[in-house]
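Work through each task before turning to its solution.

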Amino acid sequence: MGSDFLEYMKEVSSDFLEAVGKSSKPIRIIGNIDADGITSTSIICKALSRRDIRYVVSVVKQVNSELLDALKREEYDVIVFADLATAYLETLSKEFDKDIFVLDHHYPEIEEKIIGKVRQINPHLFNLDGTKEISAAGISYFFAKSIDECNKDMAHLALVGAIGDMQEDCGFVGMNQVILDDALEGDSVEIKDTLRLFGVQTKPLHKVLEYSTNPFIPGVTGSERGAIKFVEEAGIELYDKARNVRRLVNLSKQELAKLVTAIEIKKASGSMAESTVGPVFLLKDEDDDSLKKDLREFSTLLNSCGRMGWPSLGIGVCMGDSSTSDKANDLLREYRKEMIDALNWYYDNKGTPKVIEKKGYVIILAGSNIRDTIIGTLASLLAKSKVYPDGTIIMSTAYTLDGHIKVSLRITDGFSQGTDLRIIIKDLVDCGGGYGGGHKLAAGASVPQEKEDLMIREAISSLGKYVGNKSVAAE
């Protein structure tokens, strides 16, 4: 599986080490702010540290002309991009006289492995699906492993990145499964079947439900009283004999079955995600109360660092810096609160002009009410829920501090055949200016705020046509 991809990885890692050997300057690393980008960046940084190779790292929201202009003024000879830059391959090859390595899983604009002095490592060039078979963290993992086999101990970070990019669906496929096999072989990860909710290892039972955003449970999520009532009505004791609040991991099989039944009833109302019980991936060497124990919690921790403006804390956590843990945990609490506030804002505004609901698509106009760095997460959560029918396209927007609108597109039924949301993103960018890209099933753009009315009209037109054409094709 992926033998051509792995062979090419060996070639590129060799070229990389040769380029590093020719330069006396640190390696310049640029990563993305989400969990996949942070793990990708961390894997590369740790691999370089182990070889005593100096580096300078930045984590950014996206590549744009301002970033490229700044990089041109820097004197580094070797640049590595992790989880971004695929859309700028031509610009990088024409305007930079540097050795550049682009490790990205977004669909490539140029289907060439080498463009001038730019080398791209992209799974799509090897018939590997970058939306579900391998994330940027997986690419960085195989890159690091090709540099030195000792980096195999970072397989768990690659899985955390894949989970952050929503590539885990009750298990892994493709190259992600190969990475899981490495983690299991290295005895760093174990798998348990249990309720798939955030915080099952670390939080009191009612807090797991209160802070559940995937799924979002109306009347329970965001409400401590509602969560306690839910537990009591399920016939489960909230306290043990010593009056300690119980955790989900403390429940008996019978109690777990009761809770699952109660959640399944909620699921039937259309507000819950598909998978209630399934495999949970745990780090064996982490304490049970660690936020890194459950790889999904680990992923959310890193995502919170990036989305709340402190990606360096996430890198510190991945690199094993214990001094960053408490700060990262505080950020996670803030992030969970913001996500609950965002979901509540969405539900409060359903049926108003702020949430445009049509057959086949939804447009969420959050303005300044939701942070631009988490508006895409809101769209992802809604896409994974059962709020809308399968095949519904969710477009969410929020203002940025620099006068733009962040646009995120998702689709509700996961891996829809024939769907390409980048077509709609291209229409929005062509109409309103700005820039965009992403995956077929998860795309985004940035559009100037002064073009908002034009963008909304174009979005309604483009989404309407796209949904209509898909419907005709389906028939």
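A residue counts as buried when its relative accessible area is under 20%, as exposed when that area is over 50%, and as partly exposed in between. The coordinates used here come from a predicted model.

**Exercise 1. Decide whether each partner of the salt bridge between D294 and R296 is buried or exposed.**

Step 1. The side chains of D294 and R296 meet in a salt bridge, with 3.0 Å between N and O.

Step 2. D294 has a relative accessible area of 0% and is therefore buried. For R296 the relative accessible area is 15%, and because the cut-off for burial is under 20%, R296 is buried as well.

**Exercise 2. Trace the neighbours of strand β11 and state the direction in which each of them runs.**

Step 1. Begin with the strand itself: β11 spans residues 393–399 and is mostly covered, since 6 of its 7 residues are buried.

Step 2. Strand β10 (residues 361–365) runs parallel to β11 and is joined to it by 5 bridges; within this pairing, L365 has T397 of β11 as its bridge partner. From β10 the chain passes through helix α14 (residues 375–384) to reach β11, and this β-α-β crossover is right-handed.

Step 3. Strand β12 (residues 404–411) runs antiparallel to β11, with 7 bridges between the two, and M395 finds its bridge partner in L409 of β12. These two strands form a hairpin with 4 residues between them, and in the turn G403 has a positive phi of about 85 degrees.

**Exercise 3. Work out why the buried residues of helix α15 can be said to line one face.**

Step 1. Helix α15 covers residues 422–432, and R422, I424, I425, L428, V429 and G432 are buried in it.

Step 2. Viewed down the axis of α15, the buried residues fall within an arc of 155 degrees, so they line one face of the helix.

Step 3. On the face turned away from this buried side, α15 carries the exposed residues K426 and D430. Just after the helix, G433 adopts a positive phi of about 80 degrees.

**Exercise 4. Classify the ring pair formed by F172 and F281, and state which parts of the chain it ties together.**

Step 1. The structure holds 8 aromatic pairs. In the pair of F172 and F281 the ring centres are 5.1 Å apart and the planes stand at 55 degrees, so the pair is tilted.

Step 2. F172 lies in the loop between α6 (155–164) and α7, while F281 belongs to strand β8, so the contact ties together parts that are 109 residues apart in sequence. Both F172 and F281 are buried.

Step 3. Ring pairs also link F5, Y8, F126, Y141 and F142 into a cluster. As for charges placed over rings, the charged end of R243 sits over the ring of Y239 at 4.2 Å from its centre, and K440 lies over the face of Y107, 5.5 Å from the ring centre.

Conventions: Residues numbered from 1 in each chain as written. Predicted model: local features only at pLDDT ≥ 70, side-chain atom pairs only at ≥ 80, totals over all residues. Heavy atoms only, no water. Buried < 20%, exposed > 50% of the residue type's maximum accessible area, 1.4 Å probe, protein only. Pairing = 2+ DSSP bridges. Right-handed = clockwise from strand over helix to strand, strands pointing away. Arc of directions from axis to C-beta. Salt bridge = Lys/Arg side-chain N within 4 Å of Asp/Glu carboxyl O. Phe/Tyr/Trp six-rings, centres within 6.5 Å; stacked < 30°, edge-to-face > 60°. Lys NZ or Arg CZ within 6 Å of the ring centre and 35° of its normal.
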